[in-house]
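Here is a short note for someone opening this structure for the first time. The points can be read in order, with the model on screen.

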Amino acid sequence: MSKLKFTREEALAFHLEPTPGKWEVNATVPMNTQRDLSLAYSPGVAVPCEEIAAHPELAYDYTNKGNLVAVISNGTAVLGLGNLGALGSKPVMEGKSVLFKRFADVNSIDIELDTEDPEEFIKAVRLMGPTFGGINLEDIKAPECFIIEQTLKEQMDIPVFHDDQHGTAVICAAGLINALHLSGKKIEDVKIVLNGAGAAGIACIELLKRMGARHENCIVLDTKGVLWQGRTEGMNQWKSAHAIKTGLRTLEEAMVGADVFLGVSAKGAVTQAMVESMADNPVIFAMANPDPEITPEEAHEVRPDAIVATGRSDYPNQVNNVLGFPYLFRGALDIHARAINDEMKIACAEALAELAREDVPDEVALAYGTSLTFGRDYIIPTPFDPRLIHRIPPAVAKAGMATGAARRPIVDMHTYEETLKSRMDPTASILRSINARARAAQARMIFAEGDDPRVLRAAVTYQRAGFGKALVVGREDDVRKKLEEAGLGDAVRELEVVNAANTRHLNTYKGFLYKRLQRKGYDQADVHRLAARDRHVFAALMLAHGHGDGLITGATRKSAHVLELINHVFDADAAHGAAGVTALLHRGRIVLISDTLVQEWPDEEDLANIAERSADVARHLGLEPRVAFVSFSTFGYPVSERAAKMHGAPKVLDERGVSFEYEGEMTVDVALNVKAQEAYPFQRLSGPANILVVPARHSASISVKLMQEMAGATVIGPILAGVDKSIQICSTNMTANDILNMAVLAACKVG
């Protein structure tokens with residue numbers, strides 16, 4: 001993967017829109033009627049209050065405590081930026097909170113404490129203990145972080161976890177298990193050099209020692225050199241615990257014959273000469289951020305036998321804390337743990353290592369655009385592996401139960417694992433897969449409406465995000481002005497602006513168009529006006545002649561009108577089997593609705609065509625198609641002339657012998673609800689439908705807009721399917737990000 005580029009303005013806009021910040025609070029119970037309010041607050045709330053007061057453990061049943069983690073910082077060590085203070089750290093803590101939710105469905109609230117006094121910090125966190133099921137400490141400088149964490153662990157009866165220390169340690173340990181496995185070495189035999197005796201470094205070496213590394217084989221260094229017994233300069237109790245009897249004093253000396261290097265220090269701390277001096281098959285974890293102690297290219301140049309990991313996503317083997325903390329807390333919360341102990345951390349590391357040695361699911365390879373197999377460039381699972389949610393928490397929970405950390409042990413582990421699978425939001429992995437495939441495709445994307453600021457922002461982002469080349473149809477002066485007004489004046493040099501005046505292909509375009517339209521009432525003057533003055537037609541002609549790989553249009557005109565114009569150039573109509581498929585993403589579910597664009601009142605044959613086009617789109621999105629032909633009736637009742645075609649469409653597919661599941665006609669609740677399907681044991685769907693084929697375009701439009709406005713569903717589409725070239729027609733109300741999503745779909749040729 002290439003390193004993503006974005007401007008400061010883009011980063012700020014991401015945090016500003018659609019609402020400031022990165023998360024909000026939603027009620028999980030109805031709050032609509034007087035009775036609802038009476039139950040949620042006074043007087044109904046008194047009942048659970050009394051129960052919890054009498055039996056404190058019931059707080060996990062009657063409140064959100066059991067799935068709530070606080071991310072707490074004072075901002076004294078924010079990323080690589082230093083002491084930004086409590087308020088300056090808030091964006092990071094909000095980000096950590098949403099990572100908890102995204103990866104492990106753990107609710108999280110960020111809390112920034114405006115104090116650098118460890119005692120004040122400790123007291124504040126301890127007093128908040130009843131609220132939370134766990135505490136995640138973040139971005140607190142050493143050595144205060146050691147004092148704060150240890151004291152809170154002693155004083156609180158819920159997990160307290162400083163992720164900068166232990167998160168890094170767990171992922172480092174997981175990677176090292178596999179690196180040593182590949183090197184044919186044992187942890188108790190290897191010489192380990194750790195450069196960086198801060199919070200993360202000390203946590204790493206302590207965990208490895210718990211896993212079998214020998215104290216005398218571990219050489220730890222800080223900015224003043226080796227921690228040796230007798231040294232006094234720059235020492236403290238945490239460093240002294242790892243001092244050894246040795247004559248070594250520098251990193252250069254320590255690296256000679258070392259099997260493992262762990263770096264949590266600074267860019268460039270390790271030289272190629274140091275790497276050359278290491279033992280055979282060396283393991284190098286250069287984890288300094290944002291730039292490693294030595295790059296993989298530099299290390300492999302002198303030692304091709306080295307296994308190298310970094311903290312960066314644009315290199316293989318990323319030591320990424322998001323592989324650990326969400327799942328550690330998920331497992332700990334689910335057993336109502338008193339703490340996250342070393343055994344639970346080791347169980348997490350071992351489960352991660354084991355997962356990396358297994359075959360990688362197709363959806364992971366698809367998401368990363370490459371085949372991933374266990375080996376020197378793949379020793380740690382990727383953060384978007386869907387197996388993490390149901391493999392890591394059970395391992396953590398089992399270790400917690402075995403060591404007495406659990407208040408409420410899990411009895412049925414199989415059911416627990418199945419429950420965890422249902423927590424995973426499939427939409428994120430699908431969207432990531434589409435983005436990865438788009439980057440691999442490097443499509444030249446034509447943006448037809450270069451006079452619209454939203455389209456221009458989408459085009460700039462498309463190119464800067466590494467998806468490919470953006471071609472903008474418009475007048476150069478107008479494009480430049482609009483970009484400057486949008487704060488993207490520097491992007492003028494990056495985009496390629498195309499129009500009828502600056503292309504040498506206009507006559508070719510007109511000749512092609514005249515052949516298509518000469519028997520449809522268009523003369524050469526009409527064709528000239530269309531080709532030279534209508535941006536939608538001009539952009540479609542560019543695509544038809546291979547002067548771009550995909551087309552994005554429709555952001556400024558009604559979709560029906562744009563589709564009519566495109567039909568001058570392509571066969572994008574009902575007669576040729578085209579269809580519009582809209583994807584709805586809502587609460588972890590994806591449902592496709594068709595036809596939302598092309599066919600006004602389809603018959604049985606048309607509906608079968610729409611189903612086939614929709615199934616193609618579903619497969620491009622990584623879904624196994626399950627089609628339901630929906631109506632207001634189910635399998636013939638109530639009887640209706642208008643439902644007859646929905647009843648007949650499956651019979652057409654029967655005759656065609658298609659390779660996907662389909663059924664109908666049925667009401668939407670039967671299509672989407674397994675329980676409702678049980679009333680019809682003869683029906684053929686193996687689960688909830690993910691494609692709804694509706695009777696007419698107006699019902700499709702109503703369904704989509706109702707879900708969007710009332711339920712807050714994310715809408716992607718309509719996706720134009722069944723056309724020879726990759727064309728996506730936007731809606732006039734789309735944001736720049738929506739338009740970008742459509743461009744990514746076009747790049748992947750979804751449709």
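1. In which loop is G588 found? The model is a predicted one, and in it G588 belongs to the loop that runs between strand 15 and strand 16 (589-594). G588 has a relative accessible area of 21% and is therefore partly exposed, since buried is kept for values under 20%. Its C-alpha atom is separated by 44 Å from that of A269, a residue 319 positions away along the chain.

2. The structure has 4 cavities of 30 Å³ or more, and the largest cavity has a volume of about 60 Å³. Helix 20 supplies the largest share, 3 residues.

3. Which residues line the largest cavity? They are I430, L431, I434, A583, L585, I590, L621, I716, I719 and L745. Sorted by class, this lining has 10 nonpolar residues, with no polar and no charged ones.

4. Aromatic pairs come next. The count for the model is 12 aromatic pairs. One of them joins F447 and Y462 in an edge-to-face arrangement, with 5.8 Å from centre to centre and 70 degrees between the planes. F447 is in strand 11 (residues 445-447) and Y462 is in helix 21 (residues 453-464), so this pair ties together parts of the chain that are 15 residues apart in sequence.

5. Are F447 and Y462 buried or exposed? F447 has a relative accessible area of 0% and is buried. Y462 also counts as buried, because its relative accessibility is 0%, and the limit for that class is under 20%.

6. Y509 and F538 are both buried.

7. Other ring contacts can be listed briefly. One aromatic cluster is made up of F100, F161, F325 and F329. Two arginines lie over rings: R102 is over the face of F103, 4.6 Å from the ring centre, and R249 has its charged end over the ring of W228, 4.0 Å from the centre of that ring.

Note on methods. Residues numbered from 1 in each chain as written. Predicted model: local features only at pLDDT ≥ 70, side-chain atom pairs only at ≥ 80, totals over all residues. Heavy atoms only, no water. 1 Å grid on protein atoms, 1.4 Å probe; cavity = no way out; pocket = protein on both sides within 12 Å on 5 of 7 lines; lining within 4 Å. Points joined across faces, edges and corners; volume = space filled by probe spheres on them. Helix = DSSP H or I, 4+ residues; strand = E, 2+ residues; numbered from the N terminus. Nonpolar A, V, L, I, M, F, W, Y, C, P; charged D, E, K, R; others polar. Buried < 20%, exposed > 50% of the residue type's maximum accessible area, 1.4 Å probe, protein only. Phe/Tyr/Trp six-rings, centres within 6.5 Å; stacked < 30°, edge-to-face > 60°. Lys NZ or Arg CZ within 6 Å of the ring centre and 35° of its normal.
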